[in-house]
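Notes follow in the order I looked things up.

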Amino acid sequence: MVRTASASTSAGPTLAVVAREAGVSVPTASKVVNGREDVAPETRRRVTEALDRLGYVRRPRFDTARAPRLVDLVVHSLDSSWSGAVLRGVEEAAYDAGLEVVVSAALDRPRPGAPRSPRAERGWLDRFVARGSEGALFNLARLTPVQYAALAQHRVPFVLIDPAVEPPPGVVSVGSANWQGGVTATEHLLRLGHERIAVVAGPRRELCGGARVAGYRSALTSAGVRHRPEYVRHAGFDRAAARRRTRDLLDLPVPPTAVFACSDAMALGVYEALAERGLRVPDDMSVVGFDDLPEARWAAPALTTVRQPFSDMAATALRLLLRLRDGHRPESTRTELSTRLVERASTAPPRDGR
């Protein structure tokens with residue numbers, strides 16, 4: 001079962017305020033509020049007195065023997081195939097672990113034009129604590145320093161799924177083998193006989209995009225194929241940006257015969273730019289994507305792509321989260337799972353040996 005989180009509208013002090021007043025962590029205060037027994041008597045007394053002194057309104061008690069165990073999943077949005085794939089993987093893994101999933105589309109949702117404030121960024125944390133969740137999985141491009149500080153202050157166990165930027169030291173994350181995926185995609189095109197291979201990459205500073213481009217360059221070097229700087233075009237991870245970068249590649253004096261797009265959405269943008277010029281995939285240009293989202297199978301022709309193991313990433317992140325909750329730190333803070341090439345109809349040898 002998946003629940004969607006909503007903002008709290010209750011008045012009065014938050015549990016975080018109560019915790020500060022009693023000199024304890026928010027999870028400890030939550031245990032007292034929810035009637036948990038694993039709290040020292042003196043600590044329970046301080047929290048109870050703070051609750052009464054501040055006028056904290058307690059929610060109706062659940063039967064703890066029947067209350068569901070929860071884990072939070074926070075995603076950037078719910079309207080993308082990527083988020084849907086992660087959600088399915090987390091939900092399946094949570095079901096196997098006897099957990100239910102609470103889904104939040106973002107940590108905070110300020111009104112249009114309203115400035116982002118530390119108080120708003122901490123709003124999700126108050127709701128998280130009130131739910132008594134086991135921990136949190138974040139499938140966001142990045143967390144803010146305020147959010148990292150709040151998570152650390154309240155000792156919330158959490159794991160990042162495929163972060164876009166390098167997390168702070170000690171933060172646990174799970175991703176895929178992006179460098180190897182870039183190597184695999186490029187080697188596939190090289191085996192077909194392509195040498196003029198371009199890459200439509202993601203933003204320069206993002207971890208996954210940079211690793212995929214590095215893998216592309218490594219494969220070319222290993223094959224003895226000259227690297228052409230003009231064949232590397234950076235864009236956002238979206239169709240429109242990839243379509244523009246592909247037009248630039250087609251306008252080169254010597255255009256490529258194949259393109260490695262660093263996401264499936266970008267690969268579809270490559271398709272659109274080629275169609276605008278009356279070019280066909282793979283007759284005039286081969287295209288390889290990255291992700292293996294449903295769009296890859298629905299494309300015409302079906303897209304050859306590098307598959308990311310979404311379900312395995314989700315299950316691994318959840319297992320790590322539960323170990324963190326129990327006080328066990330992993331040997332390495334970064335876990336990478338292998339990718340693999342899925343060959344479909346969008347790649348072929350270059351026409352007329354070009």
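**Entry 1: Arg 131**

I started with Arg 131, which sits in helix α6, residues 123-131. This is a predicted model, so everything I note here is computed from predicted coordinates. Is Arg 131 buried, exposed or partly exposed? I get 23% relative accessibility; since buried means under 20%, Arg 131 counts as partly exposed.

Next I looked for its partner. Arg 131 makes a salt bridge with Asp 72, and the closest N and O atoms are 2.4 Å apart. Asp 72 belongs to strand β2 (residues 70-75) and Arg 131 to helix α6, so this pair ties together parts that are 59 residues apart in sequence. At 0% relative accessibility, Asp 72 counts as buried.

**Entry 2: the whole chain**

I then stepped back for some totals. The chain has 13 helices and 13 strands. It runs to 354 residues, of which 49% count as buried. Taking contacts with a separation of 6 or more, I find that 73% are between residues 24 or more positions apart. How many salt bridges does a search of the whole structure find? The search gives 19.

I went to Arg 243 next. What does Arg 243 pair with at 2.5 Å, taking the closest N and O atoms? The partner is Glu 272. Arg 243 is in helix α10 (residues 239-250) and Glu 272 is in helix α11, so the pair ties together parts that are 29 residues apart in sequence. Both ends come out as partly exposed: Glu 272 has 23% relative accessibility, and Arg 243 has 21%.

Arg 243 has another salt bridge, to Glu 276, at 3.8 Å from N to O. Here too I have helix α10 on one side and helix α11 on the other, so parts 33 residues apart in sequence are tied together. Glu 276 counts as partly exposed, at 46% relative accessibility.

**Entry 3: an arginine without a salt bridge**

Arg 228 is buried, yet it has no salt bridge. Why does Glu 230 not count as a salt-bridge partner for Arg 228? Glu 230 is the nearest side chain of opposite charge, but it is 4.2 Å away, and a salt bridge needs nitrogen and oxygen within 4 Å. Setting aside neighbours within four places in sequence, I find Arg 228 in contact with Arg 196 and Val 254.

**Entry 4: α1 against α2**

I looked at how these two helices pack. Helix α1 (residues 15-22) and helix α2 (residues 26-33) meet at an angle of about 105°, and their axes are 9 Å apart. They are therefore roughly perpendicular to each other. On the α1 side I noted Leu 15, Ala 16 and Ala 19; on the α2 side, Val 26, Ala 29, Ser 30 and Val 33. By class, that contact has 6 nonpolar residues, 1 polar and no charged ones.

A reminder to myself: most residues other than glycine have a negative phi, and most peptide bonds are trans.

Arg 155 has a positive phi, near 55°, and is not a glycine. I found it in the loop between α7 (145-153) and β5 (158-161). At 66% relative accessibility, Arg 155 counts as exposed. Asp 162 also has a positive phi, about 50°, and lies in the loop between β5 and β6 (173-176). Asp 162 is buried, at 12% relative accessibility.

Where are the cis peptide bonds I noted? One runs from Val 281 to Pro 282, with omega near 0°. Pro 282 is in the loop between α11 (264-276) and β10 (286-291). Another cis bond runs from Ala 300 to Pro 301, again with omega near 0°. Pro 301 is in the loop between α12 (294-298) and β11 (304-307).

How values were computed: Residues are numbered from 1 along each chain as its sequence is written. This is a predicted model: local features need pLDDT of at least 70, side-chain atom pairs count only at pLDDT 80 or more; totals for chains, interfaces and linings use all residues. Side-chain values use heavy atoms; hydrogens and water are left out. Buried means under 20% relative accessible area, exposed over 50%, partly exposed in between (1.4 Å probe, protein chains only). Lys and Arg count as positive and Asp and Glu as negative; His and the chain ends are not counted. Contact means heavy atoms within 4.5 Å. Axes are lines fitted to C-alpha atoms, for helices over the stretch in contact, and angles run from 0 to 180 degrees between N-to-C directions. Helices (H or I, at least four residues) and strands (E, at least two) are DSSP runs, numbered from the N terminus. Angles under 35 degrees count as roughly parallel, over 145 as roughly antiparallel, 65 to 115 as roughly perpendicular and the rest as oblique. Ala, Val, Leu, Ile, Met, Phe, Trp, Tyr, Cys and Pro count as nonpolar, Asp, Glu, Lys and Arg as charged, and the others, Gly among them, as polar.
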